[in-house]
Structure formats: structure tokens, C-alpha cells
Amino acid sequence: MPVKPSVTVPTLESLKAASPAEQARLGCADTVREILQQPDTWRDTASRLSDPTTQAMLRELLATQPEHIVLTGSGSSVYVGECLAPVLQEGLGIPAQAIAAGTLLTHRRGTLPKGRGLLISIARSGDSPESASVVDQVLEAEPDYQHLVVTCNVQGQLATRYRNEPRVRVMQLSPRTNDRSLVMTSSFTNLVLGGSGLLHVHGGNADASLADLAANIVTHLFERYGDALAQQGAADFDAALYLGSGAAFGAAREAALKMLEMSGGAVSAMCETYLGLRHGPMSWLDRPCPVVAFLSSAPAVRAYELDLLREIARKKLGGVRIVVGEAIPTDLIGPGDVAVELPGLSRLDEAQQAMVHVVAGQVLALFRCLSLGQQPDAPSQGVLTRVVQAFAIHGAESGT
């Protein structure tokens, strides 16, 4: 059943201009600040990636000639890995995959590739129970693995526990990216950008120039489409579908999680690949739910995506379409739909495009949360906590 909005929803600009007291009353001060700070923090992260010490550290890791790259984390952090894996594999020529930290904890022997490897642990806090336990177990059982921690929290376990372990290097992002809100927003996109630094260790200031372009594109998104996304978020719906391909599928998973978290579970969110939707999940669109489509810039990929979106329209499935990309065909956009047109997006690499895509999902979820009368900084009170609380670690699998 659709959930009717219970409050008058402000605009993005009015939230930005609201007094601290008003933001506190709405329970959105941290979330709004952290969403809007992304352009600035991306430039800062790019600057850190260009630092000679960081460049040397990343070159040393690649000089070990890893045969595999595994990106791990929990929740949003593993979706960061899903945004990065296809881009790192294509750019570095090294097989790369994302594996959830929980899966490594329970099924490491059946999932972690053998041989020389690089395990990239991704974390906002670095204090989730699984995070350090996975590193501990891989350090003990897989001596041929090197480790890179990418984290927003200099005080977290992942950043501090392995200071005397030569196989573990740490990339510390700005403390500003250690989001205070329950939901990860600027931490998510900065972790994507930080992880993509491996692509540019021989490329001079490529990180800085691309991050600056991405920052300009998202500033345009806020200014040009913030209110349109706010209006869609305030509409009456209880389900939403997110579509993405390749790295954008990681963004789709993260955007769906944002909607689920920030609505306190009031909105059911599904994510799928474009080609996967036909294999059963399309039946879920027998309801007027928003379809949020992250468009690829690769012509061959986009051709499949456009075919699917036109099929959905022809079958009159789902509700309003929110299409995010560059050079969006006009025939995709019907009355009430939103085309988030982002000039310059195709000049970014695929992981950075995913960063931009997910920001649209963050804004949509923020306003759905406010329209439901909930507090974005702390949705699902009593159910979720900013850092997953401690739970028992039951030891490694038998054997090594």
C-alpha cells in the first residue's frame, strides 16, 4: 500500500540554508551536510591520492604482482567494492571481485582465490565486527596476500590494529568523510574514489582532474535537479526499483539500500541489472513504483539498457522513471518522468560515474525519508546503529 506523505517537504536549497536549529529539528543536519559536501571532499581525496607517499605505497602494492584483487567490506562498503571491481580488472589487467566480509568470515576457503593476492578492506569506521576478523584470518591463512585498508576513520580498528604488520598498508581519507549520520553518503563516494587510486599510480594528476570534473557534475545535479528529485521523493510510493550495469550495479545496490534505510523499511527497494530484470524480477513492476535507471556511457551497454527501458514503457510497467546519465534519449521520458541530464559524465571512468549516479539516489532517499516524517540522521531507531554492534566471532573455518 502506498504510504501518504505526512509532512510538508522542503527543497534541497531550503534545507541547505536552514538554521542549525531547524536542521536539528528535522533530524537531518548531518545527512544534508554530508551529501552536499561531496564535491569538496572528492577534491580533497584526489589530492591525497596524488601525494607522493600515497603514490609510492600503491606502486609498491602493485609491484608485488598480485594475481587477484579482492575487495571486501560490509553493507555499503562491499557495494563500494562492486563499483570498483570491474574497473580495476579492466584497468590493471588483474582479476578483481568483491566479496562481502561476512562471506569471507564464514566461507573464506571456498571464495578467496589462492596465490598472490591483494585484499582491499573498505570501511567507514573500520570497527564492524567482521572487518578486523577477516584481516586477521587472511593474514594467518594466506601469507601470499598483501593488504590495503581504505578507511575514513583514523581511530578505527582497521587503521590502528596493524601498524606493526608490514603486509598491511592503510589509506586514510579525510576525517570529514567519516559520516556522522547513520547512513553512508559522502563516505561511500569517497571510498570509491580512494579505491580507484590504484588505476592512476602512473598517471600523474589524473585523479585530481577527474575528481574535479565529477565534483562539477554533481554540483550541477544539486542545482539543476535537486528540487525535481525532492518532489519525486515526496510522492506517495512504497516501493522503488534501481537499475545499473557493470560498476553502476554497485551504485544501484547502494541507492536501493539508501532508500530502504532512510525510509525505515517503509519503502521496499529492489535493484537489478538491466538484462537480469527480464528473468523474473520484472514481475515486481506490477505496481506504480519509481524506476531509477543509471545509464551507461558505453554504447554497446547502453543499447541493451535503452531496449529494456523502452520495453518497460511499452508494457506500461512501474511508475515514474528517473533516468540518470548523459545524452538521455527524449523518447525515454514521458509525462511526469525525470531526466537527470549530466553533461561531461561520459568523460569520467566507470567507477567515478557510479559515484555520481549514487548521489541522485541519496537525494531521492533523503526526501522520501523527510516526507514520511522520519529523521534522516537516525532512521530505524532501536533497530539499526551507525556501527554494527559487537557479535561473537566463532573462529576460522577448520583448516587453512
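The side chains of Gln-146 and Arg-169 are joined by a polar contact of 2.9 Å. The model is predicted. Gln-146 belongs to strand S4, which covers residues 145-151. With a relative accessible area of 16%, Gln-146 is buried, because the cut-off for a buried residue is under 20%. Residues up to four places away in sequence aside, Gln-146 touches Leu-61, Thr-64, Gly-117, Leu-118, Leu-119, Arg-167 and Arg-169.

Strand S4 is part of an open sheet of five strands. The order in this sheet is S2-S1-S3-S4-S5, and the pairing is parallel. Strand S2 (96-100) and strand S5 (168-172) are at the edges. Each has a single partner strand, so one side of each is left without a neighbour in the sheet. From one strand to the next, the twist averages 20°. Within this sheet, strand S1 (residues 68-73) and strand S3 (residues 117-123) run parallel and are joined by five bridges. Thr-72 has Ser-121 in S3 as its bridge partner.

Two helices are considered with this sheet. Helix H5, residues 52-63, lies across S3, S4 and S5. The helix runs at about 145° to S5. Helix H6, residues 76-92, lies across S1, S2 and S3. For H6, the angle to S2 is about 165°.

Another open sheet of five strands has the order S7-S6-S8-S9-S10. Its pairing is parallel. Strand S7 (268-272) and S10 are the edge strands, and each pairs on one side only. The twist averages 15° from one strand to the next. Strand S8 (residues 291-294) runs parallel to S9, and four bridges join the two. Phe-294 stands opposite Val-324 in S9.

Helices also pack on this sheet. Helix H12 (residues 247-262) touches strand S6 (239-243), S7 and S8. The direction of H12 makes about 175° with that of S7. Helix H14 (residues 299-314) packs on the sheet as well, touching S6, S8 and S9. The direction of H14 makes about 155° with that of S6. Strands S6 and S8 are therefore touched by H12 and by H14, because contact means heavy atoms within 4.5 Å.

The loop between strand S9 (321-325) and strand S10 (338-341) holds Asp-337. Asp-337 is buried, with a relative accessible area of 15%. The side chain of Asp-337 reaches the backbone nitrogen of Gly-334 at 2.7 Å. Leaving out residues up to four places away in sequence, Asp-337 touches Val-320, Arg-321 and Leu-332.

Aromatic rings were also examined. Across the whole structure, the search finds zero aromatic pairs. One ring does have a charged group over it: the charged end of Arg-368 sits over the ring of Phe-237. The distance from the centre of that ring is 4.6 Å.

Key. Residues numbered from 1 in each chain as written. Predicted model: local features only at pLDDT ≥ 70, side-chain atom pairs only at ≥ 80, totals over all residues. Heavy atoms only, no water. Buried < 20%, exposed > 50% of the residue type's maximum accessible area, 1.4 Å probe, protein only. Polar contact = N/O pair within 3.5 Å; in protein donor to acceptor, adjacent residues only side chain to side chain. Phe/Tyr/Trp six-rings, centres within 6.5 Å; stacked < 30°, edge-to-face > 60°. Lys NZ or Arg CZ within 6 Å of the ring centre and 35° of its normal. Pairing = 2+ DSSP bridges. Axes fitted to C-alpha atoms, helices over the stretch in contact; angles between N-to-C directions.
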